[in-house]
Each structure stands twice: as C-alpha cells, then as structure tokens.
Amino acid sequence: MELFEPTMLLVLALVAFVAGFIDAVAGGGGMLTVPALLSLGLPPHIALGTNKLAATFASSTAAFTYYRKRLFKPECWLRAFFATLAGAILGTLFVDFISTEWLEKILPLIILAAAVYTVWHKTPNANINESPPPCPVLHNKQIGQGLILGFYDGVAGPGTGAFWTVSSMALYRLNILLASGLAKAMNFTSNFTSLVTFAILGHIDWVLGLTMGVCLMAGAFVGAHSAIRFGATFIRPVFVTVVSVLAVKLAFDAWLIPG
C-alpha cells in the first residue's frame, strides 16, 4: 500500500468533509472525492473502490438523519431498494472488466456531464413534506430507476445522489427534501453493496478510505441538518465551479498529456 504525505492526507480530509456536506445537501459529493483520489495517482479501480468505502460513511449518516426527521418512509420504496441493490452489484462487476486506460479517459467525461446537468437543473421548492399517497402508486417506476442508478453508482458513482434527487422529483413529484431523503437511502444501498463487491475484488485502499470516511460522515451530519433547515439552492454555484475545474483537470491529464 502506498503511503501519502500528511499534508496530502489533510487536504484529502478537508475535501472529504466538504464533499460530505455537499452530498447531504444536494447530492454529488463523489464528483469531488473521485477526482481528488485520482489526482493522487491511484489507479481508477482503486480510486472508485476507496471512494465507495468513504461514501458509505456519508450516505449512512445522511440517510439516518433524514429518516429520523421523518422525511423518508422505507415501506414506500422496497422495490427501489432491491432494484438498486441488484444494479449496484452488476455495475461493480462490470467495472472489474473495464481496462484502466478506458476508465481514465471516460471518468472525466462522466464527471463533466454530471456537472453540466446540475447547472441546467432547476431545484423546485415546496413547503409540504409529505410523500404522495398511497405508496403502491409509486411502484411501477421504482424498478427501472433503481436498476439504472444502482448500475451507474456501481460503475462510476459521481453525481448519483444528485441524479436520484432530480429523477425522484420528476417521477414522483416529491419536493427537494423528500427527494433528498430518498436519494440518501438509495445511495447508501448502492454504496454499501458496491463496497462489499469492491472489497471482495481487492480494489480498496483502506487507510485512505477510512480517513476520508470519517470526514465525509462529519460533513454529511452538518450538511443534512443544514439542508433540512435551509434547503439546497445556496450550495449549487460553488459545487458546480469546483466540480468543473477538477473534471477539466482530469480530462486534460487523461486526454492531452502523453503517458
């Protein structure tokens, strides 16, 4: 296992805290942590696996916070849960068959696409935090949504929380808080499932992952409470700017600098 300088670990810890905060507020913290891990020179497979370890801490904290505030009802989303679990397993196994060179070139494009999508998406506001009754009406859309986003989280991951939030508002007419609560729960499902699969495949740097995980968890705790109190609109400009800069740097390194 490669050892990193204390300063580098400190920077990574700060990035993880900010990413945990952003992920709990608006989703997409992985768009900060994955580029940060790749910038250390980690192979893409290891970077993705390590990010899953760290992200599991953050998503569990945020999901529990939303559940305690009664902004997520597990009984309404059982089909989404199982579909997400299956999609995450398939996506993570698919990653193991992808070449490192291909991942290095495609990940910056995925991150940039997620950032652009975040720019163009408008966050709706609502004052009533109640799930659409009754729950069974929602079932028809859950399987497709869970499979697609679970698979994406297993393959790459950056922006999964944001995609869950946006698609849930569109499909189920949920407001931003309810959609975020659902996003955190499903993101935890795919993160944990993918983490177990990555661990079996041996694609995790445990020291980096645990260090980032603790900081992500702290950021997620602060972010979830801030989101519930203030909403997510204020974070978008900073979020998109930082993500875009990191993604452009990774794309430049992968596509323009000869190896």
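This is a predicted model: local features need pLDDT of at least 70, side-chain atom pairs count only at pLDDT 80 or more; totals for chains, interfaces and linings use all residues.
The protein contains 10 helices and zero strands. From the N terminus on, its elements therefore read α-α-α-α-α-α-α-α-α-α. Of its 259 residues, 55% count as buried. Contacts between residues at least 6 apart in sequence were also examined. Among these, 85% join residues at least 24 apart. The protein exposes about 12,000 Å². Carbon and sulfur atoms supply 71% of that area.

Aromatic rings were considered next. The count comes to four aromatic pairs. One of them joins W77 and Y172. The ring centres of W77 and Y172 lie 4.9 Å apart, and the planes meet at 65 degrees. Planes over 60 degrees apart count as edge-to-face, so the W77 and Y172 pair is edge-to-face. W77 lies in the loop between helix 3 (44-68) and helix 4 (78-95). Y172 belongs to helix 7 (residues 160-172). The pair therefore ties together parts that are 95 residues apart in sequence. W77 and Y172 are both buried.

The surface carries a nonpolar patch formed by F17, V18, F221 and V222. Together these residues have about 330 Å² of accessible area. Helix 1 (6-25) and helix 9 (206-230) are the elements that give two or more residues to the patch. F221 is found in helix 9. Its relative accessibility is 46%. Buried means under 20% and exposed means over 50%, so F221 counts as partly exposed.

How values were computed
Residues are numbered from 1 along each chain as its sequence is written. Side-chain values use heavy atoms; hydrogens and water are left out. Patches are made of residues with over 30% relative accessible area and no salt bridge: like charges are joined within 9 Å, nonpolar side chains (Val, Leu, Ile, Met, Phe, Trp, Tyr) within 5 Å. Accessible areas come from the Shrake-Rupley method with a 1.4 Å probe; for residues, only the protein chains shown count as cover. A salt bridge is a side-chain nitrogen of Lys or Arg within 4 Å of a carboxyl oxygen of Asp or Glu. Helices (H or I, at least four residues) and strands (E, at least two) are DSSP runs, numbered from the N terminus. Buried means under 20% relative accessible area, exposed over 50%, partly exposed in between (1.4 Å probe, protein chains only). Rings of Phe, Tyr and Trp (its six-membered ring) pair if their centres lie within 6.5 Å; planes under 30 degrees apart count as stacked, over 60 as edge-to-face and the rest as tilted. Contact means heavy atoms within 4.5 Å.
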